[in-house]
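Here is a walk through one protein chain, written for someone who would rather see the model than read a table. Please keep the view open as you read.

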Amino acid sequence: MSKLEEVIGYKFSDASLLTEALTHPSKTFESNESCPHNQRMEFLGDAVIELVITERLYKMFPTFPEGQLTKLRARLVSRSALFKFANAMELGESVMMGKGEEASGGRSRPSTLADAFESVMGAVYLDGGLDAAKAAIERVCKEWIEQVAESPDERNPKGKLQEKLQALAPESPCYQVLEEAGPDHSKIFKISVEWQGILLGKGMGKSKKDAESRAAKDALKKENWLGISE
């Protein structure tokens, strides 16, 4: 639990709230104990996460209409997004579950991890209030929030670049890691994107995905492929 508190940047005053947030229903049902599990807290956490992300997007994009903000929010609060957040935290290691659930792959099950992420943030809210929950959510989701800030268009830079290049030829762009520096928990990647032997762009990021996105964005800005079909 101390490792998890370090990851989210929050120390619980009432440790029982975090215990409840990490207790999968299968643990209670299998042991026939009356200890609380995380379904109620998951319900609360869902609302807290949506509020925090909604406020962040509202301030980040002051000119965007409701419909566009709703689409952006969906990218950050969908079940698949919550699973990514939980996976990045290695949350599956901390969830307490029944033997049957664990044996069937519960520690890596997307729905289980997404639910656990919601319940943990619900627990932070109950223990420290909205400001604490906001800080924890933004800390964990920082990389994905930054990606939305850089590319609010639903088609990400890699998708846009692929679309433009395939209009010229069926060959896909190639992404290559140029450098990888820093400790395991805080690596920086430098990646290039090439197409038909042409260097289109470079990008740096805290993950390969982020660096590839930045390289694609650099390529879209430079448009080094122009004239290739002439």
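## About the model

This is a predicted model, in which local features need pLDDT of at least 70 and side-chain atom pairs count only at pLDDT 80 or more, while totals for chains, interfaces and linings use all residues. Residues are numbered from 1 along each chain as its sequence is written, and side-chain values use heavy atoms, with hydrogens and water left out.

## The chain as a whole

Let's start with the overall picture. The chain holds 12 helices and 3 strands; helices (H or I, at least four residues) and strands (E, at least two) are DSSP runs numbered from the N terminus. Along the principal axes, the C-alpha atoms fill a box of roughly 75 × 40 × 30 Å.

Of the 230 residues in the chain, 40% are buried. Here buried means under 20% relative accessible area, exposed means over 50%, and partly exposed lies in between (1.4 Å probe, protein chains only). The chain exposes about 12700 Å², and carbon and sulfur atoms supply 51% of that area; accessible areas come from the Shrake-Rupley method with a 1.4 Å probe, and for residues only the protein chains shown count as cover. Among contacts between residues at least 6 apart in sequence, 57% join residues at least 24 apart, a contact being heavy atoms within 4.5 Å.

In soluble globular proteins, nonpolar side chains tend to be buried together. A nonpolar core is a set of buried Ala, Val, Leu, Ile, Met, Phe, Trp, Tyr and Cys residues joined through side-chain atoms within 4.5 Å. The largest one has 43 residues, and I8, F85, L91 and F117 touch the most other members. Helices that each supply at least two residues of this core include α1 (2–8), α4 (39–60), α6 (79–88) and α9 (130–140). Which helix gives the largest share of this core? That is α8, with 8 residues.

L51, Y125, L126 and L130 make a nonpolar surface patch of about 340 Å². Patches are made of residues with over 30% relative accessible area and no salt bridge, with like charges joined within 9 Å and nonpolar side chains (Val, Leu, Ile, Met, Phe, Trp, Tyr) within 5 Å. Y125 sits in helix α8 (residues 110–128) and is partly exposed, because its relative accessible area is 32%.

## The strand hairpin

β1 (174–181) and β2 (188–195) run antiparallel and are joined by 7 bridges; two strands pair if DSSP finds at least two bridges between them. The hairpin has 6 residues between its strands, and G182 in the turn has a positive phi of about 95 degrees.

S186 lies in the loop between these strands and counts as partly exposed at 43% relative accessibility. The C-alpha atoms of S186 and E93 are 20 Å apart, with 93 residues separating them along the chain.

## Charged pairs

A salt bridge is a side-chain nitrogen of Lys or Arg within 4 Å of a carboxyl oxygen of Asp or Glu, and the count comes to 15. In one of them, the closest N and O atoms of K59 and E55 are 3.0 Å apart. Both residues lie in helix α4, 4 residues apart, about one turn of the helix. K59 counts as exposed at 55% relative accessibility, and E55 as partly exposed at 29%.

E101 and R109 also pair, at 2.4 Å from N to O. E101 counts as buried because its relative accessibility is 16%, whereas R109 is partly exposed at 25%. E180 and K187 meet at 3.6 Å, N to O. Salt bridges that share partners join K3, E90 and E93 into one network.

## Two residues with positive phi

Most residues other than glycine have a negative phi. E90, which is not a glycine, has a positive phi near 55 degrees; E90 is in the loop between α6 and α7 (99–103). E223, also not a glycine, has a positive phi of about 55 degrees and is found in the segment after α12 (208–222).
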